[in-house]
Structure formats: structure tokens, C-alpha cells
Amino acid sequence: MNPNEPLAPQYDAADVEARLYADWMARDLFKPSPARGGAPYVIMIPLPNVTAALHMGHGLNDTVQDVLIRFERMRGREALWQPGTDHAGIATQNVVERLLALEGKTRFDLGREAFVARVWKHVRATGSTILDQLKSIGCSCDWSRTKFTLDPALSHAVREVFVRLWEEDLIYRGHRVIHWCPRCHTALSDEEAEHEDVEGALYYIRYPFADGGGHVTVATTRPETLLGDVAVAVNPKDAARRALVGRRVRLPIAGVEIPILADEHVEAGFGTGFVKITPAHDADDFEVGKRHALPMPVVMTPEATMGDAELEGKPGGRVPAPYFGMERFAARKAIVAQLKADGLLEKVETRLHAVRHCYRCGTVVEPRLSDQWFVRMAPLAAPALQAYRDGRVRFIPERRGDEYERWMTGIRDWNISRQLWWGHRIPVWYCDACGTSKAYREDPAACPACGGPLRQDEDVLDTWFSSWLTPFSSLGWPDDTADLRAFYPGTTMVTAPEILFFWVARMIMAGLHFLGDVPFHTVYLHGTVRDTKHRKMSKSLGNGIDPLDVVRRYGADALRFTVTCGLAVGTDIILDPDDLEASFAPGRNFANKTWNIGRLLLSHLGGEAVASLRDVQAADLRLADRWILSRLNTVVRETTDALEAFRLNDAVGAPYHFLWDEFADWYLEEIKARLRGEEPGGDGARAVAVHVFDTVLRLLHPAMPFITEELFRRLPGRADVTLVTAEWPAPDPAREDAAAEREFGRVQSLVDAIRAVRAEYAVPPGKAVATSTASLSAAWSATAEASRGFIGRAAKTTLQREPLSGPAAQALLPDGNAAAVALADAIDVTRECARVRTELQRLDAQLAALTAKLANPGFTGRAPAEVVAKEREKERQWTEKRGVLAAKLVALGCA
């Protein structure tokens, strides 16, 4: 880039973005250095999956983070944006398994070691893709610090944490009902089994008394699980039903007898009052089963087909032969049909109910009794909850803190084992010879108790078990590193509300437990990207937007401008996937407007040095100069305040409106005569204009880094300076000038009022009109006289103090003032009179008919109230319009 070359007529985003980003990288501008003495500011990036591609969720989330990082970096802080990727156990394994399926193979054909090697090969080939895509939207991470959750250092931290929790008795292996994904063949945590409202059926089934003479009715949405029922429960306080406790009923289909028992789990007065108890296939029923020492038969395989787990795939037990091996939903239909045939299906109701689905593949999750590893969460949650209550962690918006508190208060133990091969393998070894098991920091060679051989647990850890450590594992923990001392605790966490419990809450718990401090003090949970039907964008719905496509068509700054402009705190972003022009053209248009402002300004600088604003004497500043500097001062304060409060829409909106509506539309127009040498004061105008444009580019840089950098480097004396590390503007109280704002406001009002008259009477654009200021107050008259030249140019008018003699329209102003605009020489008065009279006659006829309609009780008494109200509003508007037309006739002298 040659700063002395004129700017191209059109902004070429692709050329500018690639060139500038390469320059930023070459100059290591994104690296923090505590040695420089700045206060640290740290954001840990929400780790994208290593095999993921950029989507609009990333486009929003990473733009927000970059805006904050660039803002704080410009404020002189040592800003660390820590990047990385997540190994994403389920997602990545699924990707590679699908690739194997195309070859006609499964992971079992390869074996564990070969399959893991195959996944590593895929990750190494594709793992940097999303990071490169983040660069394309301008993300200013310190890429030299990029981490991967399976890196040796992070794996060492994972193992250290597991062993410590084991030693503290906070990790245990339990036999419990967990969420099971039949597609991914693994357990899921509560947070990974996501609720989705679906329309389904509620089946009312009769369970006959074993001794004859009646039945009880239970209601269930999963009739296939009745094969695993071991009891029917009633509430012990239910007087109408507790008399049945102790009796037995015959289980439909299976034919076995089960007892009726009393348990507080049953909600009195809810449903039929009888609840089927299936301990192996329902988490609440499991607790009932433990309290009453009930058997817990598993009647479904890991593949979600019907079969008794204890029979190792052989027919028999609780699952009758006709249903053995049947897929669960097919079994549901068959069982319902048999119940109907047996006269045991009382009724079926259709209703909406919440069904858990796997967060990765979308398969309906099956509650299933299984041996899994768990973390005891209550001891970890208590300090994390207290940190929120003490104000050491705050949430934006504040309502998210209430959600955090509710979840922490009722937290359940975390199921951390996954039946996968890709991930951190659980560091527990078993000795079959002496029956011991232990967690090890290093792989053991033999059993320390008996010297016998050891076998490692087959499961891997939940992906989030490594992610919850990244605020400190990425800085070198468990070693005491310089980075850990400099950058922990961090500052801000920016993410979507969907992972508040997956990740954010767990990071707070881990930071407090292992380092004694929270990992960040502010959690900003921004909105979700949705389409115009307010549906979350997703691949499955086909309503997504490819951010890279947006970048190619409109530029990265347009993408960033769009998402930040729509990001009011606590609200979602609405974009139209079917009309990218409507969504992103405003950002592109603003970039083009900013470019054209730069071209105009630079064209009047002539490549010469421009005086610093500090060197311009106050006496040399005109009214417009003082006004724009005072307004700039306000915009600097508003933008800074908005960024500090995470109101990114306001942080972009303030400089946007200032640059377009005030600097371009008013100030540059006002100083054109000075810039062209037609009026004195050109040097002062250039100094003010460059200072203002420089400052606005700084304010916009966090949101629109590329175009602001390109234009900034073209300003005099800035070719070798970068906005990345430039100083953030500070408000200057000395520039506040209420009097200048008030007086220039009068200038704007005069110009706007005269322009409004011209538009109202269709005065041709090239036709000048005379305007009389005779009726203005002294203050308004003085303003008009002092700014006569600019008002004349801007409103295409000549000002005169004498009253007008012919037809004139009133240019209405604040404070009861009005200027008179001559019409006789500007338009064909006779023709305009005829046109207005015709319009007035037509309106009078319509108004008379409407008034008669509203005076008719037959209409007002019978028509709906909202229809009558609309007609009355129409009458009001037409009456008001009639007054305007009558006033026009008076102004034209043809009343």
C-alpha cells in the first residue's frame, strides 16, 4: 500500500482484508507481553470442535470476543485471547466412523489402536480449518498459543485432575440410570441429553389385580418399558389409593406379578394416581427401586432393541419371544396393539411432552441402568455458588445468574465416562489377580499390590472434562508457569447460553477447586442467531448462513457490523438465510460510505502535512468546528461506556450515526468551501476533519478492523502506525461546548425546515428560493446571519431580512419560530393552486362520508370495537390532512 496513492473508487474488501491480516500476523500484533506493564485482559475462546466448519454461531461469538479484545488492547491492556480446539469425542469419532462406513468398515474392523490412529490422521489433516476460517473474519487471537485438548500438556492436566479427584473421593464408579445414546453407543451427561418438545401419545394402561376383581390404570409415554416394571406406586398420603398397598397386579404382556407400594415420589392428585416403576429405565424410578430394594431388570440392549441384558442376547426373561430383538419404537407399536387386543388399553391422549435427544446426533436418548464414572458435584458446586452470591462472578444479562444459581442448587453428579475410543482414556487400572483398582498419574507396569498384570478401563472421559480445565491448563497448569501467574485468573467469558452448564459453570468450579480463584469475573452470554421465523439456525433445518459466503460477498467488516448492530443485551440476532442482501447489505453500505468519506477527505488534503488539532488556536475554530468536536466528545464517551457495559449494538451505533449523520451529512458539507479555498480557515478545517475522522476510525476499529485500518494508514503521518495497538480515544472535557451544539442545532433546523418546504411544494432541485428571516427571534436571526453562506448552499436559498411580498410557505422551527419561503418564482403557483383544490375537494367528499358513517348508530353499535376505532383514527388523520391542504392554499395566496 502506497499512502500517497489516491484511494480506489470502490472498496475492495477481499484485497484489503488478506493484505492487512498478513501484515498484522507478520508484526506479531496479537501477542500480549506482561513485561510491558499493562494490566492483563484475558478471554478464553469457547473451543470449537477440531473437525468443525465455521457457522454463524461462531461468526457471532468470535466477533463479540474480538471486539472486546481489540477494545481492551487499544486501552493499553495486555490482551490475551487464548485460542484452541476441542477434540470433541463423540462428534469427531462419528465423523471418522462415517468415513469408514463409506469403505464398508467399522471401528471394530480396525481395532482400538488403529482406529485412534485413523482419527489422529483425520484431525491433523482438517484440524486447522476452523482456525484459518476465524482468521478470515479478523479474529486477533494469539495464534502462537493455540492449544488442542489432546495436546500432551493439556492431557497431563486432565490426568492430574482425575487423580486428585479420585484421591479426594470425588470420583466414583456407580451403577445408576444414565442417558444412553443408541446411535453413538455412549452415555451422556444430563446437559448432553437435551430436552426437545415433541408431540406424542400418553397411553393409559390397565394392570389387572393378580387375584382378580378389577385393575389399576397407569399412564406412560413409553409403553415398551412396561416389560421392565417391578412395581406400581401410589402416594402414601393418598387416602383413596393407599388401601391398595400390598396388593399385587399382573404385568401386561410379561404376565409377571408385581406389588403395589407407597412412595413419596408419586405426586398426589396427579394423573391416575398410580405410577409404573421401571428402575432400570427411569432415573426417578431407580431411586424408588433403591429405597424399596426392588429388582432392576434391563429390558433393552445398548442398540435400543428389546432384550434382557442378563441373558446376553438370548431370548427369555422379561421380554417375550415376539418382541425379542425388536427395535424400541417398533416394539412400542406392537405392544400397544396387543394391549388393545387384550382390552388393557384404556385410552390414548395426544400431547406435547419433553423428550431428551442426543446433543450430537439428535437420536432419542434412552434412560438405561449402567456402570459409569461420576464426579460428586455438590462439594464443587458449593464454592462456585457462593462466588456468584458474593459478586466474584457476574452474569450479563443478570437473569442468567438466576439460572446458574438454580442449576447449582439442584446439581446432580456428573457422568464423565463415555463408551468411545477417541478421547482421554480413563486413567484407572484393574488387577484381576487381586481385585484392586486405582487411578495413576503415570501408566503403571504392574500391580503394586501383587505384581500381577493390569488392564486399563475401556472408557474415555467426557469431552467437557478436558474443556472445564482450559482457563488454566492452557497456561501450563499444573506447572507453576509465568503465563499462569500473569494471566490467571482471566477476565471475561463470552459464550452462548446453551453451554452455561456444559462449560461455564464447570470452569468456575474447577478454577476454585484447583487454583482457589474463579477463572473469570464476568460471563457475557449473548443471544442466539435465528432466522426470520425465530428458529435457531441449524444444519438440520437448512436455515443456516455460511459466514465465509458472507465474507466473500460483502466483506468481513460487513459481517461483523451486522452481528454487533443487532446485539442488544439479552436479545437474539435475526437474519434472513433466504435474503443475504437484506441482512448484510447495510454493513457493506456503511463500509462503502466510510470509504467514500475517506476518499473525499483525503482528496482535499493533497498529500500535504496537516496541523495537529493541538496546534490550532481556539479563536480559529468556527462554529461547525466547535460543534463537531463537542459532538465527538459525546460519542467517545457513549461508545466507551457501551463497550464497558457489553452493549455492543450501542457501541457500534453511536459512531455509525455520528459518522454518517453528523460528520458526513453536516460537517464535511459545511467545510467544503474552506477546503476548496473559497473561504478562509482551510488549515483549521483540515486539522479538525482529520482529528475527527481519526477518532471515529479508532472507535469503529474493534467492530470493523479492516476498513478502519486501511483508511487510518492513509491519514497524514500514520502510514507506519496500526490501529491494532493505537490508543483508544478519551473524552476531553475541554471540547464540550453546549453553546456551539445549541447554535449549530439552529443552523440544522433552518436547513431542514427550508428543505422540507422545497420537498412539500416540489421545488425543482436546481431552483433557488428566497427565505425571509424577518419573523425570527434575535437568537435565531443572529444564527441565520452568521451562517448565511452555509445555509444558502445547503438549502439552495438566499436569506433576506425583509418580509416577502408574494405567496410563501412557513418553514416551521423550534421555539415557535418560522421562516417564510418564497414560492412565486419557484413553482407554477396557478397550477399548484388547482392541484391542491382538487385534492381538497376529493378529501372533503371522503371525510363527509366517513363522518356520516361514524354518526350512524347502526354502524358504531354493531361493528366490532377495533373496526370502529380504526375508522375514528382515519377520520382524525383525514381531518389533520385537510388542515394542511387548507394552509397550503393560504400560503399560495389562492384560498
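**View 1. Glu736 is partly exposed in this predicted model.** The relative accessible area of Glu736 is 47%. That value falls between 20% and 50%, so Glu736 counts as neither buried nor exposed. Glu736 sits in a loop. The loop runs between helix α22 (705-714) and helix α23 (738-760).

View 2. Leaving aside residues up to four places away in sequence, Glu736 touches Ser630, Asn633 and Arg637.

**View 3. The side chain of Glu736 makes polar contacts with Asn633 and Arg637.** The side chains of Glu736 and Asn633 are joined at 3.3 Å. For the side chains of Glu736 and Arg637, the polar contact is 3.4 Å.

**View 4. Helix α17 packs against helix α18.** Two packed helices are described by the angle between their axes and the distance between the axes. Here α17 spans residues 556-565 and α18 spans residues 580-603. The angle is about 115 degrees, and the axes lie 8 Å apart. The crossing of α17 and α18 is right-handed.

**View 5. Residues at the contact of α17 with α18.** Helix α17 contributes Ala558, Leu559, Phe561 and Thr562. From α18 come Ser583, Phe584, Pro586, Gly587, Arg588 and Phe590. Sorted by class, the contact holds six nonpolar, three polar and one charged residues.

Key: Residues numbered from 1 in each chain as written. Predicted model: local features only at pLDDT ≥ 70, side-chain atom pairs only at ≥ 80, totals over all residues. Heavy atoms only, no water. Axes fitted to C-alpha atoms, helices over the stretch in contact; angles between N-to-C directions. Helix = DSSP H or I, 4+ residues; strand = E, 2+ residues; numbered from the N terminus. Left-handed = near helix turned anticlockwise from the far one by under 90°. Contact = heavy atoms within 4.5 Å. Nonpolar A, V, L, I, M, F, W, Y, C, P; charged D, E, K, R; others polar. Buried < 20%, exposed > 50% of the residue type's maximum accessible area, 1.4 Å probe, protein only. Polar contact = N/O pair within 3.5 Å; in protein donor to acceptor, adjacent residues only side chain to side chain.
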